[in-house]
Amino acid sequence: IYATRIYPDVPEAWINLGAVYDSINNLGEASLCYEKAIELDPSNPELWHNKGLIFERLNMLNDAISCYDECLRLSAANVGAWCDKAFAHMDLQEYPEAERCYGEILKIDPNNVDALNGRGCVLVSMASFEKAITFFDMALKIEPKNIRILLNKAFALEGLGDTENAQQFYD
């Protein structure tokens, strides 16, 4: 708090105070600090991303998506913002939008295991099991022993009715 009194026009002072409030789970105050920092430096994509994360934790998902959109307008290659936007769309059950977000990540980084797995999970939610397995297999080529992806693939196999092949991933 002291730094924002001495340096009220320095965005970093507000960012640091926002991080402190965030760390003690005072999300309302954290949001106000990020708003002040954005007021001082509206072209900083990370400020928009951080504010979006606060909104997401407050379950204000549409507001979070708006912040992520502004972050991505300023920094289109921000993989973290694309990923968090995908999570928000998943929580809203807006699966085509979530899949599009993962697709954007894969344009930036085709070997992003989290995006490959995330896209597979979205496709499972859309009951597109065969296509989901394709993405899980791509992720498993990179991380063949990733338990989370193996279990997601098993779930997709079960969705196809292939419980025999799914069982091997549970053992």
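Visitor: At what angle do helix 10 and helix 11 pack, and how far apart are their axes?

Guide: First, the ground rules. This is a predicted model, where local features need pLDDT of at least 70, side-chain atom pairs count only at pLDDT 80 or more, and totals for chains, interfaces and linings use all residues. Residues are numbered from 1 along each chain as its sequence is written, and side-chain values use heavy atoms, with hydrogens and water left out. Helices are DSSP runs (H or I, at least four residues), numbered from the N terminus. Axes are lines fitted to C-alpha atoms over the stretch in contact, and angles run from 0 to 180 degrees between N-to-C directions. Here, helix 10 (residues 147-159) and helix 11 (residues 163-170) pack at about 160°, axes 8 Å apart.

Visitor: Which term describes how helix 10 and helix 11 run relative to each other?

Guide: Angles over 145 degrees count as roughly antiparallel. Helix 10 and helix 11 are therefore roughly antiparallel.

Visitor: Which residues in helix 10 and helix 11 meet?

Guide: Contact means heavy atoms within 4.5 Å. Helix 10 brings Leu150, Leu151, Lys153, Ala154, Phe155, Leu157 and Glu158; helix 11 brings Thr163, Asn165, Ala166, Phe169 and Tyr170.

Visitor: What does isoleucine 105 contact beyond its neighbours within four places in sequence?

Guide: Isoleucine 105 is in contact with Val79, Trp82, Cys83, Asn112 and Ala115, leaving those neighbours aside.

Visitor: Is glycine 28 buried, exposed or partly exposed: which class?

Guide: Buried means under 20% relative accessible area, exposed over 50%, partly exposed in between (1.4 Å probe, protein chains only). Glycine 28 lies in helix 3 (residues 27-40). Its relative accessibility is 41%, so glycine 28 counts as partly exposed.

How values were computed: Helices (H or I, at least four residues) and strands (E, at least two) are DSSP runs, numbered from the N terminus. Angles under 35 degrees count as roughly parallel, over 145 as roughly antiparallel, 65 to 115 as roughly perpendicular and the rest as oblique.
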